[in-house]
Amino acid sequence: GMGGVGKTTLTQLIYNDARVKEYFQLQVWICVSENFDVMKLTKETVDSVASGLSSATTTNMNLLQEDLSKKLEGKRFLLVLDDVWNEDRQKWERYRCALVTGGNGSRIIVTTRNKNVGKLMGGMTPYYLKQLSDNDCWHLLRRYAFVDGDSSLHPHLEIIGKEIVKKLKGLPLTL
């Protein structure tokens, strides 16, 4: 989905849900952004599951991946890769190979603006977030802007609010 539509916010709600925390033995959140550096991602993942130990001492990719693979072995994990832009299948496969030792039920959630990224990474059918309708945006704005979400006592502010909603173009982040 496009920027501001709520991909990261929705993923945070899932990640922080008590049922999700109970189900997964390990949870890791990594903000990837434009630079899909396999070494950096692997180090960050190792550090996230290492209970305080740091992988910063090695620059050997093979050792890092072996370490990560051992730390994940048999454990059900949730890995969030937030804001992925990488379209290089080889980089993804290189990073992914250390993750396959995880236990049954392990999951990877990827947020991206790029449909090609979802296809490249495989897995389940992607869920595409769309912009909100003007009506949904108005409901959200009203809920935050007025006590108990009731704008009926301020009809002049309703008019202004609805004009603002049209300018938002369905992107909740702008609220």
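How many salt bridges does a search of the whole structure find? Hi everyone, the answer is four, and I'd like to walk you through some of them. Please keep in mind that this is a predicted model.

Let's start in helix α3. There, the side chains of Lys-40 and Glu-44 form a salt bridge, at 3.1 Å from N to O. Why can these two meet? They sit four residues apart in helix α3, so about one helical turn separates them. In general, side chains of opposite charge can pair when their charged atoms come close. As for solvent, Glu-44 is partly exposed, at 25% relative accessible area, and Lys-40 is partly exposed as well, at 41%.

Now to helix α4, where Asp-67 and Lys-71 are also four residues apart, about one turn of the helix. Their closest N and O atoms are 2.5 Å apart, and the two form a salt bridge. Asp-67 has a relative accessibility of 27%, which means that it counts as partly exposed.

Helix α5 gives us another pair. Glu-93 and Arg-96 are joined by a salt bridge of 3.5 Å, N to O. Here the spacing is three residues, again about one helical turn. Glu-93 is partly exposed at 33%, and Arg-96 is partly exposed at 34%.

From charges, let's move to the nonpolar side. In soluble globular proteins, nonpolar side chains tend to be buried together.

Leaving aside neighbours within four places in sequence, Phe-36 contacts Leu-41, Val-84, Asn-86, Lys-91, Trp-92, Tyr-95 and Met-121.

The largest pocket has a volume of about 1000 Å³. Its lining takes in 33 residues, and those nearest the pocket centre are Ile-108, Ile-109, Val-110, Gly-122 and Met-124. Two or more lining residues come from each of α1 (7-15), β2, α5, β3 (107-110) and α6. What is the lining made of: how many nonpolar, polar and charged residues? There are 17 nonpolar, 12 polar and four charged.

A quick stop at Tyr-23, which lies in helix α2 (residues 18-23). Tyr-23 and Arg-76 are 53 residues apart in sequence, yet their C-alpha atoms are 8.0 Å apart in space. Not counting residues up to four places away in sequence, Tyr-23 touches Arg-76 and Gly-105. Tyr-23 is partly exposed, with a relative accessible area of 38%.

Last, some backbone details. Most residues other than glycine have a negative phi, and most peptide bonds are trans. Asp-83, in strand β2, has a positive phi of about 65°. Asp-148 also has a positive phi, of about 55°, and is found in the loop between α7 (134-145) and α8 (155-168). Is each of these aspartates buried, partly exposed or exposed? Asp-83 is partly exposed at 24%, whereas Asp-148 has a relative accessible area of 80%, so it is exposed.

Methods
Residues numbered from 1 in each chain as written. Predicted model: local features only at pLDDT ≥ 70, side-chain atom pairs only at ≥ 80, totals over all residues. Heavy atoms only, no water. Contact = heavy atoms within 4.5 Å. 1 Å grid on protein atoms, 1.4 Å probe; cavity = no way out; pocket = protein on both sides within 12 Å on 5 of 7 lines; lining within 4 Å. Points joined across faces, edges and corners; volume = space filled by probe spheres on them. Nonpolar A, V, L, I, M, F, W, Y, C, P; charged D, E, K, R; others polar. Buried < 20%, exposed > 50% of the residue type's maximum accessible area, 1.4 Å probe, protein only.
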